[in-house]
Amino acid sequence: MTANGEPGAREDSSVVGAPATITTPTTLIAPTPIPVPSDVPMPNSNGSGNGAGNHKSTIVIESQPKRRVSIISDPPAIGGSGGLGAGYDNPAYEQNPRRKISQTSTHSHTDIGPARRKSILKDTAPHDNDSDRASTHSYENYRQNALDVLNSKYNGHQMGHTSGGDSSGGANYVEESWMYTFCLKCRGEEPSSSWEPPFWQKIFPYPLCPTFRTVSRLVSIILIGVLIWITAFVIIGDSAAPGGQLFGLVVLTVAANFGGYLISLTTLPRLIGMLLVGILFQNVGWANIDGDFSKVTAHLRKFALTIILTRAGLEMEPEAFKKVYKTILKLGIIPWCVEAVVMAVMSHFLLDLPWIWAFLLGSIIAAVSPAVVVPCLFRLRTKGYGVAKGIPTLVVAVAGVDDALSVAIFGIISTVMFSDKGLAYQIAQAPVCILGGLGFGVVWGSLARIFPEKGDAYVVPLRTLLLFTGGLMAIYGSEELGFEGAGPLAVVFSAFVSNLFWCKDGWDVEDNPVSTAFEIFWMIFEPILFGLTGATIKIRELDGHTVSIGAACIFTGAILRIFTTAGIAFGDRLNTKEKFFVGLSWMAKATVQAALGPVALKHLDENSTDEERNWANIVQTICVFSIVLTAPLGAIMISVTGTKLLTKTKQPQDLSGWRRSHRPSIRDISIIDEEEEREDPEIPEDKETHDNTLNNAHIPTISYTYNT
């Protein structure tokens with residue numbers, strides 16, 4: 001092996017016709033050995049013509065024009081995923097199989113998969129600091145160093161207590177322990193190696209202790225929070241001080257986030273832990289969200305509702321919706337109507353709610369929670385269940401339609417209930433809200449395609465903010481105009497229309513950076529929303545009759561919805577098992593119930609009667625209990641029945657885009673495509689490079705190999 005990496009040549013080989021300097025080879029061509037007459041004089045190690053001993057040498061006769069090569073800066077990676085003969089100029093020296101060596105390469109990155117997008121929020125520049133480079137370790141090094149120390153200590157301890165025994169069985173004691181497995185389960189995969197102080201592994205061994213990156217991230221967040229709190233205390237005053245309502249809200253949010261993390265270790269939805277933390281804080285006296293502060297929580301709920309509805313619109317795939325829109329509308333509207341009507345009728349006769357209050361409750365309870373459905377379907381999709389018939393996509397699309405319908409109907413009913421306008425105004429609610437919401441969605445979605453321009457470097461943050469502010473304007477504007485039902489429908493439809501145009505411009509609906517940004521927004525507002533929702537439940541004031549009857553109404557409506565879904569799903573290429581699975585996946589309640597459950601109580605003022613307050617409390621209580629009862633049960637049912645009712649696809653699934661991360665990161669917000677950086681330095685001479693490449697493919701290289 002020579003210094004330039006050419007196989008088969010020794011240091012004393014002479015190459016005839018080779019260029020003076022070869023910077024980086026691009027193609028490795030195996031020489032063809034042919035015999036050489038014995039009378040041919042060959043150079044020896046001293047350079048003379050007559051060599052002695054058994055020695056091999058190679059002479060390469062160049063019979064074709066010199067070929068220009070591309071110089072790449074990445075380190076060589078032998079055996080890349082592209083493989084030899086994959087259509088690239090030199091797969092052996094290509095680290096990233098999606099990158100073309102030159103513009104004349106016949107295979108694009110699209111033949112393998114979507115290009116990896118980069119974030120401008122992450123510094124990818126190389127570091128020149130030698131100390132930093134020397135202190136960078138991979139997780140494999142963490143693991144090996146820590147395990148060697150721990151296992152040696154354990155073996156030494158065992159040798160001290162046993163005489164003459166064989167301690168080889170405990171060599172991997174730490175690796176086989178339950179604590180080691182549990183610590184690995186609590187960890188997330190990091191995208192790159194991390195720097196750490198030299199003493200860190202001695203004091204905090206991996207994986208039994210957090211990495212330095214995790215600890216430093218946590219310390220940074222704590223410092224930022226403390227500084228923001230000091231600033232808020234100076235500006236706001238007592239409300240931000242310990243014991244104040246704003247301070248209590250912050251503590252509740254942080255605790256809810258931690259509770260959600262603990263619940264997520266059991267693979268249940270995080271929102272269950274957040275809800276339980278809110279209930280705990282309220283009933284031990286740590287939460288105070290009543291009084292004037294209720295106005296703040298009402299606005300936070302509207303922000304969360306805007307994010308929920310925008311995500312619902314962005315999760316609808318335009319092409320799939322266009323192909324199977326009849327199925328989506330049929331499965332999204334008819335089962336929703338059945339569950340809403342069943343809930344309304346039962347609550348009217350069993351809980352003595354007026355008809356309008358009963359239908360208000362039914363419109364909330366009938367909504368499906370994407371926050372529960374999407375992660376569970378993602379886990380099934382990674383294993384290949386239901387992929388062949390597109391069941392995960394169908395369920396998510398129907399959940400978006402379901403949420404939009406629930407919020408729109410709720411807005412219409414609540415406007416009729418709490419408005420003092422005439423009969424004509426109330427009759428006009430339904431058509432005006434529907435037409436107004438659809439019209440605003442078309443206008444704002446079209447505007448989001450034109451502004452900003454699609455080639456702008458800041459197109460992702462601008463589109464994200466434009467969509468979010470437009471949704472807020474729709475929610476608050478429709479409420480101000482007295483047509484509250486138009487706002488939610490406008491938010492969903494504007495997100496859907498904008499996503500339709502963005503997909504036509506080349507974006508992938510399953511890897512949409514704007515959708516990722518809203519997922520991060522939801523990570524912020526999720527603990528706020530569910531913590532506040534749980535904090536509205538006061539266990540001491542609950543009526544046992546209301547809770548038991550409410551639970552019976554919830555499960556009755558869910559069961560009838562399952563059978564209705566299985567009954568009307570004819571002609572949709574689904575077998576009986578798949579029909580029942582689709583119905584089971586829509587029984588989970590969470591997001592819409594948390595956002596809309598307390599709204600009726602907030603609409604009441606000092607002129608409201610005690611009877612109206614009692615009805616509003618019943619609606620709020622049943623909404624919260626629907627989350628507690630159906631969210632964990634729905635997640636368990638999807639995970640357990642999915643492997644038994646769905647058909648598994650044997651071929652591997654490409655999951656680079658479809659909800660690639662259960663908890664997204666800012667690093668996932670991509671606004672620069674690496675395709676823009678794939679500029680070959682030989683652009684002016686592309687034709688010459690292409691012609692030489694073709695010549696090299698047809699003209700063999702001749703070499704002579706002989707023994708002396």
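**Reading the salt bridges**

Guide: In this predicted model, the side chains of R449 and D505 meet in a salt bridge, at 3.3 Å from N to O. A salt bridge here is a side-chain nitrogen of Lys or Arg within 4 Å of a carboxyl oxygen of Asp or Glu. R449 lies in helix α16 (residues 429-450) and D505 in the loop between α18 (486-504) and α19 (513-534), 56 residues apart. Helices (H or I, at least four residues) are DSSP runs, numbered from the N terminus.

Visitor: How many salt bridges does a search of the whole structure find?

Guide: The search finds six. One of the pairs is E339 with R561, whose closest N and O atoms are 2.8 Å apart. E339 lies in helix α11 (residues 325-350) and R561 in helix α20 (residues 544-568), so this pair ties together parts 222 residues apart in sequence.

Visitor: Where do E339 and R561 stand in accessibility?

Guide: E339 is buried, with a relative accessible area of 1%, and R561 is buried, also with 1%.

Visitor: What should I know about the numbering and the values?

Guide: Residues are numbered from 1 along each chain as its sequence is written. Local features need pLDDT of at least 70, side-chain atom pairs count only at pLDDT 80 or more, and side-chain values use heavy atoms, leaving out hydrogens and water.

Conventions:
Helix = DSSP H or I, 4+ residues; strand = E, 2+ residues; numbered from the N terminus. Buried < 20%, exposed > 50% of the residue type's maximum accessible area, 1.4 Å probe, protein only.
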